[in-house]
Amino acid sequence: MAGGGGGSASSPSSTLLNTPTWALATVCFIFIFLGIFIEHLIHLLCHWLIKHRKTALFEAVEKLKSVLMQLGFLSLLLAVIQRPISKICIPNRITNSMLPCNRVLIDSTKSIKGRELTSVENSQDHCGSRGMTSFMSQSGINQLNNFIFVLAVMQIVYSVVTMALGRAKMKRWKRWEDETKTIEYMVANDPNRFRFTRETTFGRRHMNKFTNTSSQLWIKCFLRQFFHSVAKTDYLTLRHGFITAHLPSTNALNFQKYIERSLEDDFKVVVGISPFMWLIVVILLLVDVHGWNIYLWVSFLPLITVLVIGTKLETIVAHMALQLENQESVIIGSPLVQPNDSLFWFNQPQFVLTLLHYTLFINAFELAFFIWVTWQFGISSCYHEHVEIIVVRVVLALMVQVLCSYITLPLYALVTQMGSHFKSALLEEHVTQAIKHWHTEVKTKKKNKLQELESSHYSVATTQITSPEIKLSTSAHEIKEISEESPKVNIVHQNESQIGVD
């Protein structure tokens with residue numbers, strides 16, 4: 001009796017009617033402060049990006065803000081409709097089908113966080129009084145709301161970390177780019193130098209006995225991505241082929257900066273969550289049935305996709321080298337590869353980015369689901385029935401993160417430039433250089449004009465003293481200005497003219 005009375009006395013405290021005003025005000029203050037703080041951070045980030053002309057990253061942040069607004073709207077929508085949904089009643093026999101956990105394990109873990117609350121709620125709602133079960137309890141909807149939030153945060157974190165680690169790996173490309181401006185590089189790549197194709201560094205790397213058949217080529221490229229996936233000779237050769245194909249009149253393009261801007265444009269795509277991705281989430285939640293172990297098999301999908309993408313990108317470079325060998329056995333200058341869309345799947349270089357986007361999302365789903373289950377139900381919940389499966393899933397998720405950041409992303413950034421068309425980042429670079437060159441020319445012309453004007457004023461003043469004929473050749477406006485500033489000049493002219501008459 002006492003225990004029951006204690007429980008009934010404490011249950012109303014969960015509503016705002018019995019919550020102290022100081023507690024309510026404190027919580028509201030914390031949430032408002034955090035919201036203002038996050039908004040201020042985003043504003044400072046956008047200001048820094050605009051100041052440093054990071055247009056693509058600024059657009060990515062704007063897209064990130066739209067994703068967060070979408071999540072806020074979904075959270076509000078779930079909060080509004082949770083009570084009507086909980087009043088939808090379904091027969092008990094339907095609720096016992098396609099459960100994520102074994103019924104025995106569910107009954108034995110009711111003391112876990114969230115289970116006891118659900119049991120009490122089901123016994124007190126109007127569906128329980130009719131011998132039926134709620135379609136989805138209010139606590140279940142709140143838990144789903146938390147999962148959507150965790151998934152979106154993990155997708156953003158995964159994308160940011162992947163791009164940051166990938167760009168850190170590509171920092172050494174800056175040294176290779178700077179080397180193209182040295183005399184040693186120009187001598188080594190003399191356009192009048194004859195060489196056998198196989199004797200070049202690029203040829204020795206890709207033209208050997210292990211490329212005779214397609215299967216040997218794929219095996220070689222599969223293994224190569226783990227060991228020195230992007231070599232210096234690959235970067236320099238692909239750079240030379242890109243500039244020759246798209247900018248034949250100049251060699252001043254900073255290829256490494258262009259790749260960085262291209263990645264910033266791609267980041268706008270990767271950071272978002274498309275409607276089809278939300279559909280994938282719905283399908284994965286649907287097939288999470290006890291005994292199927294779907295998530296174990298799904299965790300292998302990102303790993304397989306990343307390895308296939310890396311192998312494909314390596315084969316593209318190898319195919320360009322083999323095409324070069326088939327075309328000519330002797331080359332003049334540097335090896336010249338031919339960019340072409342036909343080297344890629346479906347003749348679409350952007351298809352590789354789409355695969356990477358969905359791979360990162362599924363990988364983020366795996367880790368987000370593990371974090372959500374552990375946070376919501378505890379480490380010993382029925383979701384973690386098989387510890388070895390959980391360990392395998394977490395290890396695979398982290399492995400995919402490392403492979404994608406340090407191997408696949410640098411390969412993608414370099415090799416996808418070998419399409420038939422260049423990206424918009426090149427146009428921005430070209431326009432920027434043209435504007436800077438025009439601005440420099442304008443400043444130089446303005447400075448020269450001022451110097452000429454000053455020298456002309458000086459020469460006019462001198463010639464008016466020594467020669468009246470030159471005075472006549474000057475403009476009337478300049479003569480008037482000089483005469484007003486120096487009346488002594490007119491006297492000198494009068495004396496000189498008198499002397500001339502005599």
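Asparagine 145 touches Ser75 and Leu78, when residues up to four places away in sequence are left out of the count. This asparagine has its place in helix α8, and because its relative accessibility is 17%, under the 20% limit, asparagine 145 counts as buried. The structure is a predicted model, and what follows should be read with that in mind.

Helix α8, which spans residues 138-169, also meets helix α18, which spans residues 350-377. In general, two packed helices are described by the angle between their axes and the distance between the axes. For α8 and α18, the axes come within 8 Å and cross at roughly 135°, and the two helices are therefore oblique to each other. The crossing of α8 and α18 is right-handed. Sorted by class, the contact between α8 and α18 has 16 nonpolar residues and seven polar ones, with no charged residues.

The UniProt record, an unreviewed entry, places the feature "transmembrane region" at residues 22-46, 147-166, 267-286, 292-310, 355-378 and 390-415. Two of these annotated spans are set out below with values computed from the model.

| Span | Distance between end C-alpha atoms | Helix content | Strand content |
|---|---|---|---|
| Residues 292-310 | 30 Å | 84% helix | 0% strand |
| Residues 390-415 | 35 Å | 100% helix | 0% strand |

Asparagine 293 lies in the loop between α15 (275-286) and α16 (294-298). Most residues other than glycine have a negative phi. With a relative accessible area of 34%, asparagine 293 is classed as partly exposed, because that value falls between the 20% and 50% limits.

A positive phi is also found at histidine 228, where the angle is about 60° although the residue is not a glycine. Histidine 228 has its place in the loop between α12 (214-224) and α13 (232-246). Its relative accessibility is 45%, so histidine 228 counts as partly exposed.

Methods: Residues numbered from 1 in each chain as written. Predicted model: local features only at pLDDT ≥ 70, side-chain atom pairs only at ≥ 80, totals over all residues. Heavy atoms only, no water. UniProt positions renumbered as here; feature names shortened; annotations may be inferred. Helix = DSSP H or I, 4+ residues; strand = E, 2+ residues; numbered from the N terminus. Axes fitted to C-alpha atoms, helices over the stretch in contact; angles between N-to-C directions. Parallel < 35°, antiparallel > 145°, perpendicular 65-115°, else oblique. Left-handed = near helix turned anticlockwise from the far one by under 90°. Nonpolar A, V, L, I, M, F, W, Y, C, P; charged D, E, K, R; others polar. Buried < 20%, exposed > 50% of the residue type's maximum accessible area, 1.4 Å probe, protein only. Contact = heavy atoms within 4.5 Å.
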